[in-house]
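Hello,

Here is the structure we spoke about, for your files. My notes on it follow below.

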Amino acid sequence: MALYYAPFKFTQQRRMARGDTTVIKTFADLDLDPNLLTAIEEMGYSRPTQIQAQAIPEALEGRDILASAPTGTGKTAAFSLPALTKIDVSLKKPQLMVLAPTRELAIQVAEAIESFAKNMKGLRVATLYGGQSYGPQFQQLERGAQVVVGTPGRLMDHLRRKSLKLTHLSYCVLDEADEMLNMGFLEDIEWILEHLPAETQMALFSATMPPQIRKVANRFLTDPEHIKIAAVKKEKANISQFAWKVSGINKMTALERIAETEDYDAMIIFVRTRNDTVDVAEKLERAGYPSVALNGDMNQAQRERTVDQIKSGKSSILVATDVVARGLDIPRISHVINYDLPGDNEAYVHRIGRTGRAGREGVSISFVRPREMYSLRHYERLTSGKVNPYVLPSIQEIGKARIEKTRSELASVVAEKDLESMREIIEKMAQESELSMTDLAAALLYQRQIKAPLQPKEDPKPRRESRDRNDRDGRGRRDARGDRDNRGNRGERPRREKVARNDIDWQTYRLEVGKEHGARPGDIVGAIANEISLDSSYIGAINLHERYSFVQLPKGMPDKAFKQLKRVRVRRQALEISVSEAPVVNQRQPRRRNEKSDNRRSN
């Protein structure tokens with residue numbers, strides 16, 4: 001790697017000076033691996049963006065890249081496609097490494113790379129970030145991952161532990177370099193880059209080019225090809241932005257309330273991972289809200305069918321990740337819900353841009369944890385708008401909405417249907433039973449509203465928000481090591497406020513879902529509690545094994561509830577609950593002090 005920094009030169013001018021007059025109109029014009037071209041076509045992409053058309057040819061020729069481009073211009077494909085083209089899948093060693101500022105962005109980049117490389121048999125991607133135990137990450141590396149995506153702190157830890165070896169690394173990318181700089185990662189980045197092989201090709205992508213980024217380029221890039229893509233100013237969309245501070249009830253319950261009370265045509269719900277798209281969509285479907293999932297595990301035909309369901313009105317809720325929702329244009333999307341916040345601030349702009357199209361009004365609602373509240377000021381700056389507090393509908397408002405909906409539906413039936421025969425039946429029932437017409441109507445209404453009560457129980461009292469152990473100053477600011485603040489945000493996990501009660505006669509049940517399927521105790525608690533409306537204090541100890549689990553529930557479970565639970569799915573696996581005589585113990589163990597300090601250093 002060079003210790004000097006050549007003057008910036010625009011890519012197109014440089015290519016023309018070399019006599020290269022190729023006009024790149026489609027991905028087929030780029031010298032990419034055929035398996036990548038097939039995957040790109042299946043994902044619905046045909047024309048490369050500006051950053052892709054300029055960066056990919058240069059990267060394929062082995063040149064270092066210094067690119068200035070805003071989020072949403074296709075940077076992930078710009079650096080991953082040429083690197084994947086050069087990877088030798090038979091070599092089970094890291095050959096491409098991507099540094100990302102946050103765990104969320106690392107996950108998104110890894111999923112995008114997996115989507116591009118889905119036809120490259122034998123290619124593995126390891127995602128390394130703080131807040132996750134080392135065990136799964138060791139396994140990913142030991143299995144021979146050729147691509148490594150991670151946050152600086154955790155990458156440093158793996159390098160120190162010798163679990164990550166860069167001997168065969170041929171391509172290294174700094175993604176969102178200015179954001180990593182803002183988060184205090186400069187020294188960490190320099191330390192990592194000092195450990196790269198001298199022949200490693202480099203790509204640095206940044207929305208802006210402050211002096212310190214230029215200093216990094218000066219030190220570690222060899223005669224870089226400078227590419228600059230200006231942000232395209234768009235007409236400001238008519239979108240009302242809201243944020244609900246997560247407290248009191250879990251996010252899934254909040255989502256159901258919004259789906260029940262908001263006047264929406266169609267909505268898209270953004271979650272962090274592919275598993276979450278299926279999980280959230282299935283829960284909404286069970287709650288009575290027609291929903292479909294859209295994720296990178298689907299082939300092109302499945303994606304098109306899913307999008308058509310939303311466009312045609314067969315379903316009104318789409319649950320998706322950032323990667324697959326890019327470029328999605330469905331005019332009837334009136335609401336965007338950020339169930340999980342995006343990994344970078346500008347991705348927020350692209351998310352909410354799915355609504356408010358063609359002059360229509362749009363609404364975005366973000367679920368924001370206390371430690372994430374700092375993000376709101378960035379969203380306001382980027383959108384030149386105001387993010388207002390969102391007040392979640394109360395139980396009383398839910399009840400009023402249900403009563404009004406029922407009244408409207410019944411009035412519609414009276415106006416549109418011939419009810420003469422029904423009148424005769426109910427009059428005869430009233431005469432024979434000596435009940436009033438009002439009593440019979442009330443009984444019918446009672447039967448109708450069992451699953452969705454017209455007079456729901458009171459809201460739970462909001463829990464006092466505990467200070468997040470990662471928010472050192474209590475105000476949600478990142479510390480000097482940056483991605484520590486993201487450690488606690490591990491997706492929706494229902495909290496168990498009470499220890500298993502001693503006054504309950506417990507029965508052990510076996511569930512056909514375990515660690516191998518990605519299940520966690522919180523997933524099991526949430527699935528059982530939501531499906532049969534069981535308070536979490538009535539769910540005892542949970543033991544997770546590789547392919548199955550044991551859970552303690554009160555004896556004498558009604559047959560109806562038992563049958564309901566057999567059909568429930570956790571991480572796309574049916575619970576298939578059955579009675580067991582196996583002993584169950586509480587597996588939660590206090591963390592050792594040295595492990596805690598290790599984790600602090602690794603983030």
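Y134 counts as buried because its relative accessibility is 10% (buried means under 20% relative accessible area, exposed over 50%, partly exposed in between, with a 1.4 Å probe and protein chains only). Please note that this is a predicted model, in which local features need pLDDT of at least 70 and side-chain atom pairs count only at pLDDT 80 or more, while totals for chains, interfaces and linings use all residues. Residues are numbered from 1 along each chain as its sequence is written, and side-chain values use heavy atoms, with hydrogens and water left out.

Aromatic rings

The whole structure holds 8 aromatic pairs (rings of Phe, Tyr and Trp, the last by its six-membered ring, pair if their centres lie within 6.5 Å; planes under 30 degrees apart count as stacked, over 60 as edge-to-face and the rest as tilted). One of them is the stacked pair of Y134 and F138, at 5.7 Å centre to centre with 25 degrees between the planes. Both residues lie in helix α6 (residues 134–142), 4 residues apart, about one turn of the helix. Helices (H or I, at least four residues) and strands (E, at least two) are DSSP runs, numbered from the N terminus. F138 has 24% relative accessibility and so counts as partly exposed.

Y548 and F550 form an edge-to-face pair, with 5.5 Å between centres and 70 degrees between the planes. Y548 is partly exposed at a relative accessible area of 27%, whereas F550 is buried at 10%. Ring pairs also link W244, Y339 and F367 into a cluster.

Charges over rings

The charged end of R154 sits over the ring of Y134, 4.0 Å from its centre (NZ of Lys or CZ of Arg must be within 6 Å of the ring centre and within 35 degrees of the ring normal). K251 lies over the face of Y339, 4.6 Å from the ring centre.

The sheet

An open sheet is formed by 7 strands with parallel pairing, in the order β3-β4-β2-β5-β6-β1-β7 (two strands pair if DSSP finds at least two bridges between them). Strands β2 (residues 96–99) and β4 (residues 147–150) run parallel and are joined by 4 bridges.

Regards
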